[in-house]
Amino acid sequence: LATEPRWGRMNGTFGEDANLSAKITSAYIYGFQGDEFGPESVACMTKHWPGGGPQKDGWDAHFRYGMDQEYPGNNFDYHLIPFKAAFEAGTAMIMPYYGIPLGQTNEDVGMSYNKEIIQELLRNEYGYDGVVCTDWSIIEGFKIFGYELGGMPWGVDDLTVKERIQKVIEAGVDQFGGNSNSDDLLDLYKENIITEIRINESARRLLRAKFKMGLFDDPYINVNQAEKIIGRQDYVEKGKLAQRKSIVMLKNQINADSSYVLPLGKSNKIYIENIDKEIAGQYADVVDNLEEADFAVLRLQTPWIVREDGNFFDNLFHQGDLDFKEPELSRILNIARNKPTIICLYLDRAAVVPEIAETCAGLFGEFGAYDDALLDIIFGEHNPTAILPFELPSSMDAVLNQYEDVPYDSKNPLFEFGFGLTY
């Protein structure tokens, strides 16, 4: 759940509201797995148990500086609500998060190492008997793009690799994500520390899913059939429609004659940034000089910071402050003061844009969309109907005063959860 607006993985959630997220999670799983898990299903892995959103100061748990999850609002159970819906929908697999749920159990260790989180809460209390797979490389390091990165054994750094494997298995996990070295596991078996009965328990869960999907009966792809299914035009059109339906209109300025700025007319000249010129040219006359334009249309990304102590992997994650800094803020505002400007924000996180929202003529939030999807909304080819899945704070001070685990608790938000305009 996106309860911490600085968290770098907000874009992998359905927002900050647990009940809305539960509904969408359920629909997602039924869509992939069907009403009954079988040969036509795509097995879903729901993550990250028991909720990966409340990261201390928003730092991501891939990194040592982000290994702690905090619950200052005592709201641990709220983050379980979408998982209940996933269990009811029959999700085939569960992945625990990297983070340490500070103060929530008797032992402050990462989720996959935590027997109270896996065996007691997930297995015993919720009765989940599907596959549990760890997040990647919690046991030891790995390579990515040729770089060697350390593992993420948060809370158990003092244990050997062999001891970590033992602890994860004893916690109730079935599969090690990103770890294929079985030597230590074999040693644990030979030493009778991990029993054959325990290994069979996990093997049975994994094999059961494969048998239900018919992978032992018919393990091969029908290439001719696959080519007819993958990339089908009607599927592509549904995807494009979903993009259009996801774009949120946040501001539509009223003109002096009481008309609205949006939608724009196709007779206008527009100055664009971060939009394909050829595509934009199908909607209006694109000019290179701002002074010649009737309107400016800018696609912007929610800001993030580059950590000086980070490596390339850290900076793949958008983390830290959410507001535009100078000189970029003044550059954007100068454009908006010079010409009526339509701002389109990619909300991979909850941007802090009070000055921009006040100055621009139109404001949209989007979550990943083709240029033509966005321009269809701006020029009225499609009516905006979406609402915000999380609030947009009014300042970084408001962000700093929020609780990591509590939804919609930003003081005087610029735009509230559920806000959205239409034509």
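## Enclosed cavity

The lining of the largest cavity comprises six nonpolar, two polar and two charged residues (nonpolar: Ala, Val, Leu, Ile, Met, Phe, Trp, Tyr, Cys and Pro; charged: Asp, Glu, Lys and Arg; polar: the others, Gly among them). The model is predicted: local features require pLDDT of at least 70 and side-chain atom pairs pLDDT 80 or more, whereas totals for chains, interfaces and linings use all residues. Numbering starts from 1 along each chain as its sequence is written, and side-chain values use heavy atoms, leaving out hydrogens and water.

The residues that line this cavity are A2, T3, P5, M10, E16, A350, F390, E391, P393 and Q402. The space within the largest cavity is about 50 Å³, and the count of cavities of 30 Å³ or more comes to one. On a 1 Å grid over the protein atoms alone, a cavity is a set of points where a 1.4 Å probe fits but cannot get out, and a pocket is an open set with protein on both sides within 12 Å along at least five of seven lines; lining residues have an atom within 4 Å of a point. Points are joined across faces, edges and corners, and a volume is the space filled by probe spheres set on them.

The largest pocket has a volume of about 920 Å³. Its lining consists of 38 residues, and G12, T13, F14, G15 and T25 are the closest to its centre. By class, this lining contains 21 nonpolar, 13 polar and four charged residues. At least two lining residues come from each of α1 (18-33), β1 (45-49), α2 (81-88) and α8 (233-246) (helices are DSSP runs of H or I, at least four residues, and strands of E, at least two, numbered from the N terminus). The greatest contribution to the lining of the largest pocket is that of α1, with six residues.

The second largest pocket holds about 640 Å³ of space. Among its 17 lining residues, P39, E40, S41, Y220 and I229 lie nearest the centre. The lining of the second largest pocket divides into 10 nonpolar, four polar and three charged residues.

Strand β12 (residues 341-346) is largely enclosed by the rest of the structure, because six of its six residues are buried (under 20% relative accessible area; exposed is over 50%, partly exposed in between, with a 1.4 Å probe and protein chains only). Burial covers both faces of β12: T341, I343 and L345 on one side, and I342, C344 and Y346 on the other.

Strand β11 (residues 295-301) runs parallel to β12 and is joined to it by six bridges; pairing requires at least two DSSP bridges. The bridge partner of V297 in β12 is I342. From β11 the chain passes through helix α10 (residues 328-338) to β12 in a right-handed β-α-β crossover. Five bridges pair β12 in the parallel sense with strand β13 (residues 362-366), where E366 stands opposite Y346.

## Two glutamates

E273 belongs to strand β9 (residues 269-273) and is buried, with a relative accessible area of 13%. Apart from neighbours within four places in sequence, E273 is in contact with V297, L298, R299, R331 and I335 (heavy atoms within 4.5 Å).

E416, in the segment after α13 (396-400), is exposed, with a relative accessible area of 53%. Not counting residues up to four places away in sequence, E416 touches L388 and E391. The C-alpha atoms of E416 and I356 are separated by 17 Å, the two residues being 60 apart along the chain.

How values were computed:
Right-handed = clockwise from strand over helix to strand, strands pointing away.
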